[in-house]
Amino acid sequence: QIFNQHNAEALNLEQAFHRMAQTEPNLDHDLSWFLLPSYWAKMVVALISFLCFANSYDGDFVFDDSEAIINNKDLRAETPLSDLWYHDFWGSKLSSNTSHKSYRPLTVLTFRINYLLAGGFYPVGFHVINIILHCTISVLMIDVFSILLGGLQFSNKGRRLNLAPKSSLLAALLFAVHPVHTECVAGIVGRADLLCALFFLLSFLGYCKAFRENKEGHTFSMFWVLVSVILGAIAMLCKEQGITILGLNAVFDALVINKINILEVIQKLLHKDKSLENAGLLRKGLLFRITLLMSGGASILYIRWRIMGTGPPAFTEVDNPASFADSLFVRAINYNYYYSLNAWLLLCPWWLCFDWSMGCIPLIKSVSDWRIIALAALWFCLIGLICQALCSEDSHKRRILTLGLGFLIIPFLPASNLFFRVGFVIAERVIYLPSIGYCILFTYGFSLLSKQAKKKRILAVAVLGILLINVMRCALRSSQWRSEEQLFRSALSVCPLNAKVHYNVGKNLADKGNQSAAIKYYREAVRLNPKYVHAMNNLGNILKERNELHEAEELLSLAVQIQPDFAAAWMNLGIVQNSLRRFEEAEQSYWTAIKHRKKYPDCYYNLGRLYADLNRHIDALNAWRNATVLKPEHSLAWNNMIILLDNTGNLAQAEAVGREALELIPNDHSLMFSLANVLGKSQKYKESEALFLKAIKANPNAASYHGNLAVLYHRWGNLDLAKKHYEVSLKLDPMAPGTKENYNLLRRKLEQLQKKGG
């Protein structure tokens, strides 16, 4: 055989598994692949899995990371730990109508630990943990695949034997380098899938330990079965898919431990044969263990249901259009098309996208659609594999194919739309666990080809080529996940019909100040999805800033017409109407926004500005006070209160508000400046001077800061210092209003003083 490293340990290992596997064909026998000692195999897998995703370690927070991490209050120390158990993955209360019901408290807990250890939102630590988790999972896969492909056998000393070292190494490498895993590893929110997979595998390995014969001669250990159930519960607390391991443990028990022939059992059930015990259903405590697994699973689901409530998550048609189709036929045919696309991503993970919603995959509405071929191909392959898994006379083949299909299908069921509507069309992250089944089937197919092939070297080189291509694809895709700009732009060629892709590219450009380019992408997003209210809102905002008020008003009016509870669009519409001097309409829009979002400090701030323009000073102060109550660090609201009170001659009240604001936001130089102005007018020159100097130290290039300090010195009689700061102010801004006139007055006064002195 080729590529074998014939050292003494490897030979002993090969001899050992040949002795143990004399009763059934061994998958490794005809496999042209490396044979490495266990620790070397694990080192190789760990190293290669690290190399695939290492370049993502210093990436930014991208896409969903903002909502799940940066904007998630559950990560901050001031949030009680107990809140994690009553909030969803995004930090919203599970009881809220807007909650997605994604209950993953243990994942959020790891984010919180990351945040506290790093002392803030520094993405490196988050990325490093994700990479380590994937490497650990890939290494564990060697043990898992050795059981799934080689069977479960123990030595006389109770040590589990790896009866398929070559096959398990190949399968683990296939898993480690699969490009579809990039989203889970390079995207920080993918940690939910990684943690779920880790405890998923530990639950499976724990269940396998239950069958290591103990000193008392018992056939299984109740302790390890219970540990497996607990680990399954932990997996589910990391992500919902984790619960499926209990079903897979039951399948493994039936097929591997009890060696049940499923077709034989079905035939006996159909013929009401009473000899089911001979078929293995009641042997070795199978029914008792399955009852334990089912009871554990039911208890876990019940507790989760009690915590999250009965209400389904709120998804929209753009998230998953097929699930909103009226026709059962359209729903069924599109769900199956989605399954075929998931299968294709496993087979050929070249076209990868961060988001597959919003028109990326148009609905199939008729059997004349050519895409029906993909469904037919999927079910042709699945039915063929199922027939072989059930009907083959080779028990070894039946076991591997059934386990492969089980690990491919069962972990995917929560994302299949069969039991409940999900909030996506395709999500690469949910294929992380099902890819285990794909690796089993690929490895088994490769072993069959190796058995038939005359030139095994060519076949082995081809598989090495696939692994190498996947490593390069992982590295490329990881680099795309390093920044939002690269990630969003990479999706344009994969999903050009996806309005969300164009929206995200536009948003990224707008955040960088490139409004002209952002407008182009926002317009395309609205063209692709004429009901895309978020794109309308953002486009309306940019047009408002460019003083294209009438088109901005049209877009924002349409947005609130499509989604009447869209508070942000109502507020922005109010700002535009205010600019158009339609004050009554603007006021109505602001109050509508507040009706739909009770705690909306920015809207109260803008409402205050409207009232100030209308000289409704009391209403303006009340609105700004509401903004600061809801958001104590709202600097603009505090500043406007100080300035309005100052301008209306309420210096004592302005001073009190300014001091209150600086206690809450002590390093805000604009508040220092506003309060310094008030103190100067109140002839508290020394304190005013100190605040001006502190503000200038924080923002030395603000011409108004130097100009107003010069005015203070001018009043105070410190004319030389006044002259100095007037000159600095004019140097920074030669057109500063009033400064030149004040400077000229000061110069004339200095000249007069010099003449008198002369």
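Tutor: The model itself is predicted.

Student: What makes up residues 601–634, helix or strand?

Tutor: That span is 79% helix and 0% strand, and its end C-alpha atoms are 8 Å apart. For residues 703–736, the values are 82% helix and 0% strand, with the end C-alpha atoms 7 Å apart.

Student: Let's turn to rings. Why is the pair of Phe-204 and Phe-407 called edge-to-face?

Tutor: Happy to go through it! A pair of aromatic rings is described by the distance of the centres and the angle of the planes. Centres must lie within 6.5 Å, and planes over 60 degrees apart count as edge-to-face. The centres of Phe-204 and Phe-407 are 5.8 Å apart and their planes are at 90°, so the pair is edge-to-face. Phe-204 belongs to helix α8 and Phe-407 to helix α15, 203 residues apart, so this pair links distant parts of the chain.

Student: How do you know whether Phe-204 is buried or exposed?

Tutor: Buried means under 20% relative accessible area. Phe-204 has 1%, so Phe-204 counts as buried. Phe-407 is also at 1% and therefore counts as buried.

Student: And what makes Phe-223 and Trp-224 a pair?

Tutor: Their ring centres are 5.4 Å apart and the planes stand at 80°, so this pair is edge-to-face. Phe-223 has a relative accessible area of 52%, and because exposed means over 50%, Phe-223 is exposed. Trp-224, at 23%, falls in between the cut-offs and so counts as partly exposed.

Student: How many aromatic pairs does this rule give?

Tutor: The count comes to 27. Ring pairs also join Phe-61, Phe-89, Trp-90, Phe-111, Tyr-115, Phe-121 and Phe-126 into a cluster.

Student: What lies over the face of Phe-89?

Tutor: Arg-104 does, at 5.0 Å from the ring centre; the distance cut-off for a charge over a ring is 6 Å. Likewise, the charged end of Arg-597 sits over the ring of Tyr-600, 4.0 Å from its centre.

Student: Why is Tyr-338 called buried?

Tutor: Its relative accessible area is 2%, and the cut-off is under 20%, so Tyr-338 is buried. Tyr-338 is found in helix α13, residues 328–347. Beyond its sequence neighbours, Tyr-338 touches Asn-320, Pro-321, Ala-322, Ile-361, Leu-363 and Val-425.

Conventions:
Residues numbered from 1 in each chain as written. Predicted model: local features only at pLDDT ≥ 70, side-chain atom pairs only at ≥ 80, totals over all residues. Heavy atoms only, no water. Helix = DSSP H or I, 4+ residues; strand = E, 2+ residues; numbered from the N terminus. Buried < 20%, exposed > 50% of the residue type's maximum accessible area, 1.4 Å probe, protein only. Contact = heavy atoms within 4.5 Å. Phe/Tyr/Trp six-rings, centres within 6.5 Å; stacked < 30°, edge-to-face > 60°. Lys NZ or Arg CZ within 6 Å of the ring centre and 35° of its normal. Lists of a residue's contacts leave out its neighbours within four places in sequence.
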